[in-house]
Amino acid sequence: MRASLVSSIVAAFAGIQLAIATPIPNDTLAGAGANALAIRYVPPSVDWNAVDWNAINWNAIKWSSVFSIQQEYKPQATAVQVAAEAVPNPYLTLSTESFDTYSNPEPSPAPNPSPNPEPYQPSTPSRSPLWGLTYSPYNDDGSCPDVGTVASQLQKVASVTSNIRLYSTDCSQLSSVMQAISDNKLALAIHAGIWLSDGGARMESDLEAFISAAKMYDSSLIKGVSVGNEDISKGMSESTLIGYINQVRARLQAEGMGHIPVYTTEQDAKFTKGMADASDLVQINVYSIFDNTFSSVDSSVKSVIQRADAVKTNIAGGKQVRIGESGWSSSGNTGPCPLSLANELEFAQRFKCAATTAGYDYFYFEAKDALWKQNADASEKSFGIFNSGYTAKFDFGLLNTC
């Protein structure tokens with residue numbers, strides 16, 4: 001082992017002139033008291049083959065003072081500088097600040113364990129009925145769920161999809177999701193979100209929480225991050241949005257997370273070429289449930305795909321286009337489109353098949369009914385494929401046939 005080799009070299013100096021046939025020049029040795037020795041440089045003229053290793057009193061060396069394992073190499077005035085070809089390890093620093101007599105030394109304490117868990121090893125996924133699903137973890141009263149609740153929900157979500165989309169990091173949702181996936185070995189990829197609609201301070205808070213969670217767990221779980229959701233539709237300027245996208249990307253690169261795609265999500269009609277240029281992919285929310293006319297669920301699905309095609313042709317500039325949201329509510333009223341559980345199922349079936357045929361990845365909206373949106377109308381609360389208690393609203397096996 002390298003440490004054994006280096007310790008032998010260091011120990012040899014404890015015998016100084018006794019063990020070394022070719023004396024080391026005085027300017028190499030720095031006396032620091034009767035029991036101290038600082039070795040600043042080992043000249044190439046030293047004949048190591050002439051060392052009488054048996055003459056060394058190994059028990060007289062305080063080993064706990066010899067080795068100092070550091071996270072990065074930091075040259076010290078009292079360090080043995082070993083040639084790289086002899087010990088090619090930039091993370092090992094040898095300290096000889098004290099050679100006090102010491103018998104049967106205790107080993108140096110091990111460094112604190114890394115907060116990162118073992119590398120993520122997902123279970124083998126079954127065939128997923130849906131490519132992706134949007135996930136908001138909030139309790140029905142709008143409060144934040146605990147990690148156990150999130151884990152229970154995601155175990156059910158994982159039976160339907162292998163990709164989930166988040167919108168924010170509030171309620172510690174990103175860290176809770178990452179912990180739940182890691183602890184339970186769920187075959188779920190995370191497409192995270194940073195919320196912009198509440199201003200710059202909220203964006204900064206979400207970004208810090210994102211960085212913290214990605215460092216705490218396995219950042220490879222995160223397959224992308226959307227900076228905002230429909231913020232142009234909410235009145236934000238394009239230049240402000242692009243500034244946020246660039247800010248997030250620069251921060252991720254600085255943190256060693258430049259592998260994570262950065263983009264924004266907007267309604268298809270509001271997505272611009274400038275936004276596409278600033279994004280690593282083009283993610284659009286496309287709904288036909290709000291159309292002013294209705295002829296059939298099949299026509300409504302075709303309308304979604306046609307609108308995605310238009311963005312791909314006219315806006316994306318060759319970048320991937322992904323549908324960030326599309327779905328159908330099981331109750332309420334959005335206009336002429338009839339909202340019912342039967343039509344929700346039919347839309348989900350037809351949309352899944354049409355998007356797959358057209359080559360679009362997508363996030364179906366949404367995992368559970370959003371009763372936490374307490375002031376919203378019934379239609380906004382009823383897009384879930386699960387009810388608020390995470391009971392399936394229809395047979396997901398019906399989504400496997402096209």
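Why does lysine 185 count as partly exposed? The reason is its relative accessibility of 37%, because buried means under 20% relative accessible area, exposed over 50%, and partly exposed in between (1.4 Å probe, protein chains only). The structure is a predicted model, in which local features need pLDDT of at least 70 and side-chain atom pairs count only at pLDDT 80 or more, while totals for chains, interfaces and linings use all residues. Residues are numbered from 1 along each chain as its sequence is written, and side-chain values use heavy atoms, with hydrogens and water left out.

Helices (H or I, at least four residues) and strands (E, at least two) are DSSP runs, numbered from the N terminus. The protein chain has 402 residues, and 46% of them count as buried. The accessible surface is about 18700 Å², with 50% of it belonging to carbon and sulfur atoms; the areas come from the Shrake-Rupley method with a 1.4 Å probe, and for residues only the protein chains shown count as cover. Of the contacts (heavy atoms within 4.5 Å) between residues at least 6 apart in sequence, 71% join residues at least 24 apart.

**Helix H3 (residues 147-157) crosses helix H4 (residues 173-184).** The two axes come within 9 Å and cross at roughly 65°. Axes are lines fitted to C-alpha atoms, for helices over the stretch in contact, and angles run from 0 to 180 degrees between N-to-C directions. The crossing of H3 and H4 is right-handed; a crossing is right-handed if the near helix is turned clockwise from the far one by less than a right angle, and left-handed if anticlockwise. H3 contributes Val147, Val150, Ala151, Leu154 and Gln155 to the contact, and H4 contributes Ser176, Val177, Gln179, Ala180, Ile181 and Asn184. These residues comprise seven nonpolar, four polar and no charged ones. Here Ala, Val, Leu, Ile, Met, Phe, Trp, Tyr, Cys and Pro count as nonpolar, Asp, Glu, Lys and Arg as charged, and the others, Gly among them, as polar.

**Helix H8 (residues 297-314) crosses helix H9.** The axes come within 9 Å and cross at roughly 40°, and the crossing is right-handed. Among the residues that make the contact are Val301 and Val304 of H8, together with Phe347, Arg350 and Phe351 of H9. The residues of this contact divide into nine nonpolar, two polar and three charged.

**Cysteine 144 and cysteine 171 form a disulfide.** A disulfide is a pair of cysteine sulfur atoms within 2.5 Å, and by this rule the count comes to two. In this pair the sulfur atoms are 1.8 Å apart. The torsion about the S-S bond is about -60°, so the disulfide is left-handed. Cysteine 144 lies in the loop between strand E5 (133-134) and H3, and cysteine 171 in the loop between strand E6 (163-165) and H4, so the pair ties together parts that are 27 residues apart in sequence. Cysteine 144 counts as partly exposed at 44% relative accessibility, and cysteine 171 counts as partly exposed at 21%.

**Cysteine 353 and cysteine 402 form a disulfide.** Their sulfur atoms are 2.1 Å apart. The S-S torsion of about -95° makes this disulfide left-handed. Cysteine 353 lies in helix H9 (residues 341-358) and cysteine 402 in the segment after helix H10 (378-381), so the bonded parts are 49 residues apart in sequence. Cysteine 353 is buried, with a relative accessible area of 13%, whereas cysteine 402 counts as exposed at 69%.

**Valine 225 is found in strand E8 (residues 222-229).** With a relative accessible area of 0%, valine 225 is buried. Leaving aside neighbours within four places in sequence, the contacts of valine 225 include Ile194, Phe210, Leu252 and Tyr263. The C-alpha atoms of valine 225 and threonine 265, which are 40 residues apart along the chain, are separated by 9.8 Å.

**Lysine 185 and tyrosine 390 have positive phi angles.** Most residues other than glycine have a negative phi, and most peptide bonds are trans. Lysine 185, with phi of about 50°, is found in the loop between H4 and strand E7 (189-194). Tyrosine 390, with phi of about 65°, is found in the segment after H10 and counts as buried at 5% relative accessibility.

**A cis peptide bond joins phenylalanine 365 and glutamate 366.** The omega angle is about 5°. Glutamate 366 lies in the loop between strand E12 (362-364) and H10.
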